[in-house]
Amino acid sequence: MKFIPILLVFLSITSCKENNSDTNIIPKEVSEETVELSKDTLIYPEEVHFKSIQQVTFGGDNAEAYWSFDDKQLVFQSNFKDWGVGCDQMFLMNKGEVFNGNQPPMISTGKGRTTCAYFLPDNQHIVYASTHLVDENCPEVPLRENGKYVWPVYDSFDIFVADLEGNITAQLTSEPGYDAEATVSPKGDKIVFTSTRSGDLELYTMNIDGSDVKQITDELGYDGGAFFSPDGTKLIFRSSRPKTEKDIKAYKDLLANGLVEPTDMELYICNADGSDLRQLTNLGNANWSPFFHPSGDKILFSSNFEAERGFPFNLYLIDLDGKNLKRITHGETFDAFPVFSNDGKYLAFSSNRNNGGGRDTNLFIAEWQD
């Protein structure tokens with residue numbers, strides 16, 4: 001669940017998506033020289049973990065770029081109006097391509113709204129969630145409920161498998177309610193996803209063919225955005241877990257209307273079967289979009305816990321025991337959705353940097369150094 005409305009609202013009032021740009025987009029190969037030349041303007045001096053950086057998109061809202069298992073391609077979602085879409089759809093790119101003229105190939109149906117695509121181990125198929133079976137039009141995106149910023153939780157989301165030409169080859173979920181936010185274990189055997197089939201937003205796992213569904217979490221609150229550790233043994237995810245009677249009632253009332261409030265989230269970690277669950281952060285504000293460092297010993301995530309007005313969001317690194325918190329990016333607006341390549345050499349992420357002061361959120365790929 002990216003929902004770029006979070007970027008617009010958090011950035012306009014204080015920031016997982018929706019807006020515009022003046023540019024079209026054409027893929028072109030980028031030389032190492034070009035990447036290095038961009039370093040002075042795209043990397044802030046304090047960002048010592050970025051050896052080089054490459055801006056990939058130049059307009060619209062682009063996020064959740066996930067690598068193929070062989071690190072040769074990425075799939076991402078965008079609502080860039082110049083690409084002919086009214087809300088998030090899935091697009092494919094080869095590593096090294098930049099889109100600054102014409103659009104990349106769309107590999108979702110172009111119908112409904114999509115979210116959270118992820119490659120399957122064969123590098124020829126993706127899983128993603130879509131609302132198109134219920135309505136081929138883009139669903140409405142409520143941003144405020146009783147003065148509070150909210151995310152929609154569409155009951156019409158189900159999880160599908162598609163090939164890289166955009167043909168749907170399988171439907172993995174058909175339960176009533178929200179099924180989305182699917183990601184695949186690096187071992188290639190399991191998918192973790194979020195569902196409301198129990199009446200609450202909980203984590204589940206299933207085999208990559210949709211069989212053997214198991215519930216992983218069972219505590220009241222929104223559990224989502226989960227990722228496996230590099231060895232497939234652990235899960236990291238974001239959660240908003242209400243504790244007081246007032247907060248519990250507010251959460252249940254919102255969920256009954258297909259909404260959640262994502263402004264107070266912490267990170268939780270557990271074994272892949274749900275055992276040994278524990279809270280990793282206790283920072284306040286919104287801590288989300290976590291991803292394991294290639295070592296498996298640290299978590300990279302986005303947070304606005306240092307912000308006084310809701311932004312900026314920056315990337316932080318933290319050990320699995322909750323110690324040694326370190327700030328990685330130093331932007332003034334929004335950095336989120338960090339995803340390491342499988343070989344650990346590159347980091348894809350979304351940022352508002354270099355957008356001319358507007359609201360476009362673009363994809364960047366940085367060469368990582370520890």
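## A pair of facing strands

In strand β25, L317 is the bridge partner of L300. This model is predicted: local features need pLDDT of at least 70 and side-chain atom pairs count only at pLDDT 80 or more, while totals for chains, interfaces and linings use all residues. Residues are numbered from 1 along each chain as its sequence is written, and side-chain values use heavy atoms, leaving out hydrogens and water.

Strands β24 and β25 run antiparallel and are joined by six bridges. They belong to an open sheet of four strands with antiparallel pairing, in the order β23-β24-β25-β26. At its edges stand β23 and β26 (326-327), each with a single partner strand, so one side of each has no neighbour in the sheet. Here, two strands pair if DSSP finds at least two bridges between them. Strands (E, at least two residues) and helices (H or I, at least four) are DSSP runs, numbered from the N terminus.

## The whole chain

How many helices and strands does the chain have? Its secondary structure comes to four helices and 29 strands. Of the 370 residues in the chain, 59% are buried. A residue is called buried under 20% relative accessible area, exposed over 50%, and partly exposed in between (1.4 Å probe, protein chains only).

The chain exposes about 14500 Å², and 45% of this is supplied by carbon and sulfur atoms. Such areas come from the Shrake-Rupley method with a 1.4 Å probe; for residues, only the protein chains shown count as cover.

## Nonpolar cores

The largest nonpolar core has 86 residues, and F50, I126, V127 and I299 touch the most other members. Strand β29 (residues 362-368) gives the most to this core, with five residues. Apart from it lies another core of nine residues, including I216, F228, L235 and Y268. To belong to a nonpolar core, a residue must be a buried Ala, Val, Leu, Ile, Met, Phe, Trp, Tyr or Cys, joined to others through side-chain atoms within 4.5 Å.

Now to a second open sheet. Its four strands follow the order β14-β15-β16-β17, with antiparallel pairing. The edges are β14 (179-184) and β17 (214-215), each with a single partner strand, so one side of each is left without a neighbour in the sheet. Four bridges link β14 with strand β15 (residues 190-195) in the antiparallel sense, and D179 stands opposite S195 in β15.

Elsewhere, strand β4 (residues 73-78) pairs with β5 in the antiparallel sense over six bridges. F76 has F91 in β5 as its bridge partner. Strand β5 (residues 89-94) is mostly covered, as five of its six residues are buried.

## A look at W67

W67 is found in strand β3. Is this residue buried or exposed? At 4% relative accessibility, W67 counts as buried. Leaving aside residues up to four places away in sequence, W67 touches several residues, among them Q73, K95, F119, F340 and I365 (contact means heavy atoms within 4.5 Å).

A polar atom of the W67 side chain lies 3.2 Å from the backbone oxygen of V339. The C-alpha atoms of W67 and N123 are separated by 9.3 Å, and these residues are 56 apart along the chain.

## The disulfide

A disulfide is a covalent bond between the sulfur atoms of two cysteines. The structure holds one, and it joins C87 to C138 with an S to S distance of 2.2 Å (the cut-off for a pair of cysteine sulfur atoms is within 2.5 Å). This link is left-handed, with -90° about the S-S bond.

C87 counts as buried at 2% relative accessibility, whereas C138 is partly exposed at 37%. Two further cysteines also count as buried: C116 at 4% and C270 at 3%.

## Backbone details

Which peptide bond is cis? The bond from F311 to P312 is cis, with omega near 10°. P312 is in the loop between β24 (298-303) and β25 (314-319).

Two residues other than glycine have a positive phi: E64, near 50°, and N285, near 60°. E64 lies in strand β3 (residues 62-67) and counts as buried at 4% relative accessibility. N285 is in the loop between β22 (278-279) and β23 (287-292), and is partly exposed, with a relative accessible area of 30%.

Methods
Polar contact = N/O pair within 3.5 Å; in protein donor to acceptor, adjacent residues only side chain to side chain.
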